[in-house]
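Let's take a friendly walk through one protein structure, a few places at a time. Have the sequence and the 3D view ready as you read.

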Amino acid sequence: MLSVVTCLADTAGDRLVREIRSADHDIVARVDSAHEVIDAIRGHSVDGVIVSATRRHLTLDVLAEADEAGVRIVAVADDDAARRYALSLGLFEVVDVHSPWNDIEVLLRGGVAVPLGAAPHSRRGTVIAVWGPAGAPGRTTVAIQLASELAFRGRTVALVDADTYGGAVAPSLGMLDESPSFAAACRLASRDSLTLAELERVASRYTSPRSEFWILSGIGRASRWPELGADRVTSVLSTCRQWVDYVVVDTGFNLETDEEIASDMFAPRRNAATLAALRQADHVVAVGAADPIGLSRFLRAHVDLLEQVETAQISVVINRLRASSVGSNAQHQVQQTLRRFGGLDNAVFVPLDVPGVDSAVLAGKTIHDAAPRSPVRSAIAHLVDVNILPPAAQGTSRKQARRAARQESKTGPLQTLRARRLG
């Protein structure tokens with residue numbers, strides 16, 4: 001027997017109440033507004049909540065309270081507008097207003113969660129976190145192309161947008177970002193209800209003749225970052241490992257932990273999703289911009305990155321390489337700067353290709369599909385073939401890299417690049 005709370009408009013309320021009682025389930029509260037739902041969850045032992053998909057009955061606060069209590073919610077939608085409203089909040093358990101109680105009961109009972117300690121015979125996918133410092137160095141572009149190239153080579157891939165400052169994967173691929181599926185997966189994980197079937201239900205699919213991969217889209221409004229807690233992100237990525245061969249995670253830029261400046265030590269952290277993804281990663285792709293300011297930001301933030309990651313597999317990608325920003329023989333100039341101030345060798349250089357990248361965004365496609373001869377595509381393909389798919393060679397240790405980065409001279413990379421360019 002289920003104990004449920006209902007918060008339904010007249011169009012569905014009376015009928016569903018009769019059906020619930022006929023099935024010998026217990027209605028512990030019938031309420032009329034979102035704040036009353038919250039009070040009912042707090043005041044009763046509840047197995048599920050059924051609400052109308054309207055702003056009066058369903059809010060983010062209701063979802064947060066249900067997540068905290070481990071209670072599943074099913075929304076009842078009168079029309080497409082109501083369904084879109086529920087999806088915009090990250091609630092995927094939505095049924096038509098005429099659906100019978102049996103359909104709702106199936107959703108309330110959920111599935112059997114995939115255990116985080118996977119069985120020995122289960123899949124163990126690789127997590128690749130794509131990170132870069134502030135200043136938009138091209139994290140999302142690199143993440144999308146990584147997913148595309150891996151899929152093109154016959155691997156199953158999920159592209160996860162975990163940027164808590166505003167997801168850009170779905171808009172970049174021309175997808176309507178009404179329902180942030182990564183937030184939905186995190187909500188399911190918080191209730192121990194995230195299964196492989198649920199992942200495929202909430203995820204979107206990018207499909208083209210060259211490659212296909214899954215997408216867990218990011219939050220469109222930065223104010224929703226509390227939904228992406230560290231434990232939730234860790235749980236989702238652990239389940240994704242059992243789902244696909246490669247999980248490519250587009251992360252945020254900020255690596256601050258906030259603990260020392262926060263008054264509530266147990267409050268959610270804005271950067272928890274990024275830090276959790278980096279710590280779960282088997283391979284980190286660190287992206288910097290190939291200009292004096294971008295390189296300066298990258299080298300300083302790279303020190304902090306090394307303190308956070310657990311893996312020694314870190315590939316450096318320097319994006320938008322062009323002579324106009326660093327002088328003639330641009331690649332050599334940047335290589336020297338990375339070696340001197342960061343102790344970094346073997347970076348992958350991605351040339352600036354404005355027409356190719358713009359055509360991909362305009363068409364809502366990957367660069368592989370929109371501009372297959374782009375030098376951007378060639379550089380990322382090289383990264384996949386040399387750094388990711390084969391066993392990675394031993395490189396500079398994290399300790400050595402940290403030491404080299406901290407010994408940066410007083411002149412700094414910005415001034416050195418400018419001096420070289422003027423000279």
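This is a predicted model: local features need pLDDT of at least 70, side-chain atom pairs count only at pLDDT 80 or more; totals for chains, interfaces and linings use all residues.

## A short tour

Helix 15 covers residues 354-363, and Asp 353 caps its N-terminal end. The cap can be seen in one atom pair: a side-chain oxygen of Asp 353 lies 3.2 Å from the backbone nitrogen of Gly 356.

Next, find Arg 320, which sits in strand 12 (residues 314-321). Is Arg 320 buried, exposed or partly exposed? Its relative accessible area is 30%, so Arg 320 is partly exposed, since partly exposed lies between the 20% limit for buried and the 50% limit for exposed. Leaving aside neighbours within four places in sequence, Arg 320 is in contact with several residues, including Ala 136, Ala 289 and Val 350. Asp 291 is 29 residues away from Arg 320 in sequence, and their C-alpha atoms are 8.2 Å apart in space.

Finally, look at a pair of helices. Two packed helices are described by the angle between their axes and the distance between the axes. Helix 2 and helix 3 pack at an angle of about 10°, with their axes 9 Å apart. That makes helix 2 roughly parallel to helix 3. By class, their contact has seven nonpolar, no polar and three charged residues. The table shows which residues meet.

| Helix | Residues that meet the other helix |
|---|---|
| Helix 2 (residues 34-43) | Ala 34, Val 37, Ile 38, Ile 41 and Arg 42 |
| Helix 3 (residues 60-69) | Asp 61, Val 62, Glu 65, Ala 66 and Ala 69 |

Terms used
Residues are numbered from 1 along each chain as its sequence is written. Side-chain values use heavy atoms; hydrogens and water are left out. Helices (H or I, at least four residues) and strands (E, at least two) are DSSP runs, numbered from the N terminus. Buried means under 20% relative accessible area, exposed over 50%, partly exposed in between (1.4 Å probe, protein chains only). Contact means heavy atoms within 4.5 Å. A polar contact is a pair of N or O atoms within 3.5 Å; within protein, one must be able to donate a hydrogen and the other to accept it, and residues adjacent in sequence count only if both atoms are side-chain atoms. Axes are lines fitted to C-alpha atoms, for helices over the stretch in contact, and angles run from 0 to 180 degrees between N-to-C directions. Angles under 35 degrees count as roughly parallel, over 145 as roughly antiparallel, 65 to 115 as roughly perpendicular and the rest as oblique. Ala, Val, Leu, Ile, Met, Phe, Trp, Tyr, Cys and Pro count as nonpolar, Asp, Glu, Lys and Arg as charged, and the others, Gly among them, as polar.
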